[in-house]
Amino acid sequence: MGRLGTALCSIILFSQTALAQLSAGQPFPTDIKLDRLLTYPALQLSDTHGKVTILDFWASWCEPCRAELPLLEKVAKKFPSKDVVMIAINLDENERDADRFLKATRIQVPVIRDTKRELTEKLKIDSLPVSFILDRNGKVVSVYRGYAKGDEKKISDQVSKLLK
């Protein structure tokens with residue numbers, strides 16, 4: 001589905017276009033507490049300090065998200081959990097839709113919900129999927145908007161460099 005599917009996810013997600021987002025070198029906001037999904041406890045993003053972090057915003061109705069999330073989980077699992085954490089941030093309106101997808105794909109990374117859209121609005125996310133790679137200090141190293149085949153390799157290479 002590629003970039004076309006991402007464009008469709010953008011149209012469905014928000015009616016207004018917001019172009020501003022965090023970019024490389026900026027600190028990622030950690031002052032928002034997000035709700036749990038399935039068995040994961042509530043999580044403060046500041047809990048990831050000291051680890052390279054992959055944050056992926058997704059929804060079960062977004063085809064590129066459905067393709068990307070399992071691949072990013074594989075990337076995260078390649079690295080020791082003491083050094084790398086991946087958090088999937090779900091934006092489904094209906095929690096059951098997300099639950100069904102997660103159970104079908106057996107996703108094991110922490111999955112949390114931005115039910116009030118606080119973080120989504122703060123970051124001005126206007127399309128899905130969106131992935132942020134953060135260094136050990138919580139600064140954004142890169143942002144991946146949409147999903148293209150091979151992005152997971154780029155992310156894996158980037159995480160490897162951050163661990164050196």
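Predicted model: local features only at pLDDT ≥ 70, side-chain atom pairs only at ≥ 80, totals over all residues.
User: How many helices and strands does the protein have, and in which order do the elements run?

Analyst: The protein has five helices and seven strands. Starting at the N terminus, the order is α-β-β-β-α-β-α-β-α-β-β-α.

User: What share of the residues is buried?

Analyst: Of the 164 residues, 51% are buried. The accessible surface is about 8,500 Å², with 52% of that belonging to carbon and sulfur atoms.

User: How many disulfides does a search of the whole structure find?

Analyst: A disulfide is a covalent bond between the sulfur atoms of two cysteines. Here the search finds zero. Cys62 has 0% relative accessibility and therefore counts as buried; Cys65, also at 0%, counts as buried too.

User: How are aromatic pairs read, and how many are there?

Analyst: Ring centres must lie within 6.5 Å, and planes over 60 degrees apart count as edge-to-face. The count is two aromatic pairs. For Phe57 and Phe132, the centres are 5.9 Å apart and the planes stand at 75 degrees, so this pair is edge-to-face. Phe57 belongs to strand S3 and Phe132 to strand S6, so the pair ties together parts 75 residues apart in sequence. Both residues, Phe57 and Phe132, are buried.

User: What about the rings of Trp58 and Phe101?

Analyst: Their centres are 5.4 Å apart with planes at 45 degrees, so the pair is tilted. Trp58 is in strand S3 and Phe101 in helix H3, 43 residues apart. Trp58 and Phe101 are both buried.

User: What percentage of contacts with a separation of 6 or more comes from residues 24 or more positions apart?

Analyst: Such residues account for 74% of those contacts.

Key. Residues numbered from 1 in each chain as written. Heavy atoms only, no water. Helix = DSSP H or I, 4+ residues; strand = E, 2+ residues; numbered from the N terminus. Buried < 20%, exposed > 50% of the residue type's maximum accessible area, 1.4 Å probe, protein only. Contact = heavy atoms within 4.5 Å. Areas by Shrake-Rupley, 256 points an atom, 1.4 Å probe, with all protein chains shown as cover. Disulfide = S-S within 2.5 Å. Phe/Tyr/Trp six-rings, centres within 6.5 Å; stacked < 30°, edge-to-face > 60°.
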